[in-house]
Amino acid sequence: MPRFTVHVRDEWLTVPCRDLSCTVQWLGLEALKRYIKNKPDNGGIGSVQETSFYVRRCQGQGLLDADDTLEDTLEDNDFVEIVIDGDTMSPDFNPSQPGSGHLNSPYREPNEYILLDGNNLTSTDLVNLGKALYMIKLTPEAEKKVGQSRALIENIVTENKVVYGITTGFGKFARTVIPNSKLKELQENLVRSHSAGVGKPLSPERSRMLLALRINVLAKGYSGISLDTLHQMIEAFNASCLSYVPEKGTVGASGDLAPLSHLALGLMGEGKMWSPKSGWADAKYVLEAHGLKPISLKPKEGLALINGTQMITSLGSEAVERALAIARQADIIAALTLEVLKGTTKAFDSDIHELRPHPGQKEVAFRFRSLLDSDHHPSEIAESHRFCDRVQDAYTLRCCPQVHGVVNDTIAFVKNIIDTEINSATDNPMVFAERGETISGGNFHGEYPAKALDYLAIGVHELAAISERRIERLCNPSLSELPAFLVCEGGLNSGFMIAHCTAASLVSENKVLCHPSSVDSLSTSAATEDHVSMGGWAARKALKVIEHVEQVLSIELLAACQGIEFLRPLRTTTPLEKVYDLVRSVAKPWIRDRFMAPDIEAVHRLLLDQKIWKVAHPYIEKYRMEHIPESRPVSPTAFVLDSPVSPRKRLRNECDH
């Protein structure tokens, strides 16, 4: 029999329907009848028939016409909400996808799989899993190892051995032995009591990453999870049934206990869950609507689900991938600014950078040469000032290889740590089936990713710091030889005046956010966990810093393209003209003042989608093939140049002095 899950105020109700020719109005009235049943005051509702209400979908908040039939508007197990006139919508259900993550996209069920074994997942893979581009399967080898480690746990329980977290309490209660009859309750109590996080929930994309990463770690076979439970987790992931995970509450040792507990709680059918079908709803209804059963925890399984650094590492993976994307696009934006400000490319001469051969520095200098070489890509702007009397440019232009370069090397360093952490067993105790024993250790401590992500925030922030100074040079007529604030009829129009202020404010915020969280530690759990990493905050603020960097560079790109308008009809190099055309496809030239925020957001979206990089990258790689002997193309995900450095080449758009 078809049925619908209906939310009325703070309750969820299942309403069966024998006749789908019934109307949406009937569904609402039937849900209200069930809501007031057994309530002493009828739930504050006088007469159901006289109650005014409307019905909308939980997912997307779309209103339903009361006279439409159910067969025309809903599918079996759809989730809807009854909103009674005079009620205020609960913020928990509006919008259905809370959070401001920039990975949000319409959900499309994937048809490809990633095989997980706990050893080969990358940050790129994890972000793609978060975007729901793939479903998950275990390798046969992983299933075998998981089964072997579970057999050891079963033996420990059968033989009544005293082992931490399996037959004892946790933390301060590690010496309290628990009888076999209460081992299931022990694990359930662990998850429930540790689900103590606060704050906004992770976006569905980030919850999906968190679940995928926990599955990957369990697939290594050192956690003692049962294969049945792991398969249930995979089924929930593939159905995109995602637990409500508050973003705050982890100190990063003993792992990310609070967020991972919330993750496990939803899988147990408690708390809230999100799915593309339901939006946010009670977990038991979301699982049921997808034909899934709640997980029933066996000995050690609660601990296996919540002990690890997966919150830090999953957010850190997104941070690394976004940092890489914005770092390489920053080079393109800065090159365009240099053209507008009529700078020289002499500072990018390969011989200079061979004398200080940091990989990131050499690669950034190479990218500038590939975009600005007038012998390769004729530039009328460069020709217009070829014989100018300027000796050298300001540091914000001249020192881009040195400043941008160290960001590239920082990202490479952090990515190595994050990719290692992604494929690390971080439980306690570890289950060594081949040795027939469990060993307590400290792999749950988040110091590695915490320190790395603090370093990432500090490194990537410099892209915004130097970009804001370039925006100042573009807007300041005494430095740019362009109209003040890049607009005609200054005074009547303010142009980029406040856009520059926005960039300055974001850079200032970043200065505070770059203070390392991992230098702090507070003793917890009655001094048994007396040093912690604070890695959860390191990851969250790294993402915020990177978002600010993206926004500052969006403003610089808009400003540089506006500067081009004042140099017309002269044209820049071919790749930079392609970048200009792409920007103009979403933001028209600034002729007179208008609402600017949408332009900034539109260009920010270009950067998030890496469209600036995709336009310029073929020209960079073509230049590499033509100017570096025996070179090979660099992967789009590569951080630094890993092929020989190009021979010294004089560029035609250098100022001849």
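This tour goes from one selection to the next through a predicted model.

**Before you start**

Residues are numbered from 1 along each chain as its sequence is written, and side-chain values use heavy atoms, with hydrogens and water left out. Because the model is predicted, local features need pLDDT of at least 70 and side-chain atom pairs count only at pLDDT 80 or more, while totals for chains, interfaces and linings use all residues.

**Stop 1: the N-terminal region**

Select residues 5-80. UniProt lists this range, in an unreviewed entry, as "domain: Par3/HAL N-terminal". UniProt positions follow the numbering used here, feature names are shortened, and annotations may be inferred rather than shown by experiment. Over residues 5-80 the chain is 22% helix and 25% strand. The end C-alpha atoms of this range are 6 Å apart. Helices (H or I, at least four residues) and strands (E, at least two) are DSSP runs, numbered from the N terminus.

**Stop 2: the nonpolar cores**

Now select Leu-456 and Val-460. In the largest nonpolar core, which has 159 residues, these two touch the most other members. A nonpolar core is a set of buried Ala, Val, Leu, Ile, Met, Phe, Trp, Tyr and Cys residues joined through side-chain atoms within 4.5 Å. Buried means under 20% relative accessible area, exposed over 50%, and partly exposed in between (1.4 Å probe, protein chains only).

Show what surrounds Leu-456. Leaving aside neighbours within four places in sequence, Leu-456 is in contact with Ala-319, Val-320, Ala-323, Thr-410, Ile-411, Val-414 and Ile-546. Contact means heavy atoms within 4.5 Å.

Then select Phe-4, Val-8, Val-15 and Ile-84. They are among the members of a second, separate core of 24 residues.

**Stop 3: helix H7**

Select residues 227-238, helix H7. Its 12 residues should span 16 Å at 1.5 Å a residue, and the end C-alpha atoms are 16 Å apart, which agrees. The expected span is 1.5 Å times one less than the number of residues. Colour the buried residues of H7: Thr-229, Leu-230, Met-233, Ile-234, Ala-236, Phe-237 and Asn-238. Just after H7, Ser-240 takes a positive phi of about 60°.

**Stop 4**

Select 242-243, 272-275 and 279-282, which are S9, S11 and S12. They make an open sheet in the order S9-S11-S12, with antiparallel pairing. S9 and S12 stand at the edges with a single partner strand each, so one side of each has no neighbour in the sheet. Two strands pair if DSSP finds at least two bridges between them.

- Two bridges join S9 to S11, and Leu-242 stands opposite Trp-274.
- S11 and S12 pair over four bridges, and Met-273 stands opposite Ala-281.
- S11 and S12 form a hairpin with three residues between them.

**Stop 5: Asp-393**

Where does Asp-393 sit? Its place is in the loop between helix H14 (380-384) and helix H15 (395-398). Asp-393 counts as buried, at 6% relative accessibility. A polar atom of its side chain lies 2.7 Å from the backbone nitrogen of Thr-344. Leaving aside neighbours within four places in sequence, Asp-393 is in contact with Leu-338, Gly-343, Thr-344 and Arg-398.

**Stop 6: Leu-607**

Finish in helix H22, residues 597-608, where Leu-607 has its place. Leu-607 is buried, with a relative accessible area of 3%. Not counting residues up to four places away in sequence, Leu-607 touches Ile-326, Gln-329, Ile-333, Glu-550, Leu-553, Ser-554 and Ile-612.

How values were computed
Polar contact = N/O pair within 3.5 Å; in protein donor to acceptor, adjacent residues only side chain to side chain.
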